[in-house]
Amino acid sequence: MNTTRCSSVPDETGITGRVEVEFCRRGERTIVERQQFLGLLRMSRPVYRREGTCPEVQLIHLGPGAMDGDDYEQRLTLGSGAMAVVGFQSYAKVLPGAVGATQRTSITLGSESYLTMRPNVVIPYSHCTYTSVTDIYAEDGARAIVADVLTAESTQAAELDCNLVSLTTRLFRPDGFVLRDCIQVGRHSLSRGHIWSSEFPVLGNVILVGAGRHVENALHQVVESIDPAKAQVGVSYLVGAGVVIRIMAGRVQFVEQVIERVSHILEADAQRQRFEVEQAGVVSE
């Protein structure tokens, strides 16, 4: 049964906004089984892709940006074999504040599920403080692309005037913790406020959960096709975790284009794996 619950005020825990979404597979189709939201976070009505089998939703922030003291939670769950695309309606503007804003995201991926998490572009304002932690719990056979994009396009200076912006992603498998990836910028970071590259003020981080060496050739073709004057790309293959890609570019749109091309590679790999699993089931019968 599809259920929806919402509230216009923070709960007793002081949460500024919370959204919880569960996707499950029904036959050949994935549906939004449950959605619940509170405070300043909402979710759009799903639009179905791939001949009506895959829902795409947008997470919506109702405020002007992440303000000092804000606390947000996002929880996404994909059941076994489910497929979904989750995006963000607007960029995440992090407003000034010494205490800072926090966001915790939990992603649970059932076996043979596939999630495309479109990047949430973070724009740090002067004197802002922001911490984001994304925890991914992936069962065997699960695939996902999860990305963060941080931009300093609004400044022409060689330094970022924010206090600290920290974006952390952690990946867990059934047998335990396998990956921690973190980007930190600002005056209180190890970079002491220096921009990673004045030539490329946009930094993208992409994790391909469940991808292995069999996608190496396709990823290599993407990297080789990129004009080095427009972007710099690095790829790391991690046993048991997947692939981590770092992108530095001159514009957010270029990073998004690279992420879109990479997502097609992972999607094709997920479809190949699903076909092999289905064929193995037919043979065993």
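These questions and answers walk through the fold, cores, pocket and cavities of a predicted model.

Reader: How many helices and strands does the chain have?
Author: The model is predicted. Its chain runs to 285 residues, and buried residues make up 52% of them. The count of elements is two helices and 18 strands.

Reader: What share of the contacts with a separation of 6 or more comes from residues 24 or more positions apart?
Author: Take the contacts in the chain with a separation of 6 or more. Residues 24 or more positions apart account for a share of 75%.

Reader: What part of the accessible surface belongs to carbon and sulfur atoms?
Author: The accessible surface of the chain comes to about 13,400 Å². The part that belongs to carbon and sulfur atoms is 52%.

Reader: Which residues touch the most other members of the largest nonpolar core?
Author: In soluble globular proteins, nonpolar side chains tend to be buried together. Here the largest nonpolar core holds 47 residues. A second, separate core has 30 residues, including Tyr 114, Val 206, Val 243 and Leu 266. In the largest core, the residues that touch the most other members are Phe 23, Val 86, Leu 109, Leu 115, Val 122 and Val 165.

Reader: Which residues are in contact with Val 165, leaving aside neighbours within four places in sequence?
Author: Val 165 belongs to the largest nonpolar core. Neighbours within four places in sequence are set aside. The contacts of Val 165 are then Val 122, Pro 124, Cys 128, Tyr 130, Leu 150, Ile 183, Gln 184 and Val 185.

Reader: Which residues lie closest to the centre of the largest pocket?
Author: The largest pocket holds about 290 Å³ of space. Strands E6, E7 and E9 each supply at least two residues of its lining. By class, that lining has 12 nonpolar, eight polar and one charged residues. Of the 21 lining residues, the closest to the centre are His 61, Tyr 91, Ala 92, Gln 103 and Asn 120.

Reader: Which strand gives the largest share of the lining of the largest cavity?
Author: The whole structure has three cavities of 30 Å³ or more. The largest cavity has about 150 Å³ of space, and Phe 88, Gln 103, Asn 120, Thr 134 and Asp 148 are the closest to its centre among 16 lining residues. Strands E10, E11, E12, E13 and E14 each supply at least two residues of that lining. The largest share, four residues, comes from E11.

Conventions: Residues numbered from 1 in each chain as written. Predicted model: local features only at pLDDT ≥ 70, side-chain atom pairs only at ≥ 80, totals over all residues. Heavy atoms only, no water. 1 Å grid on protein atoms, 1.4 Å probe; cavity = no way out; pocket = protein on both sides within 12 Å on 5 of 7 lines; lining within 4 Å. Points joined across faces, edges and corners; volume = space filled by probe spheres on them. Nonpolar A, V, L, I, M, F, W, Y, C, P; charged D, E, K, R; others polar. Core = buried A, V, L, I, M, F, W, Y, C linked by side-chain atoms within 4.5 Å. Buried < 20%, exposed > 50% of the residue type's maximum accessible area, 1.4 Å probe, protein only. Contact = heavy atoms within 4.5 Å. Areas by Shrake-Rupley, 256 points an atom, 1.4 Å probe, with all protein chains shown as cover.
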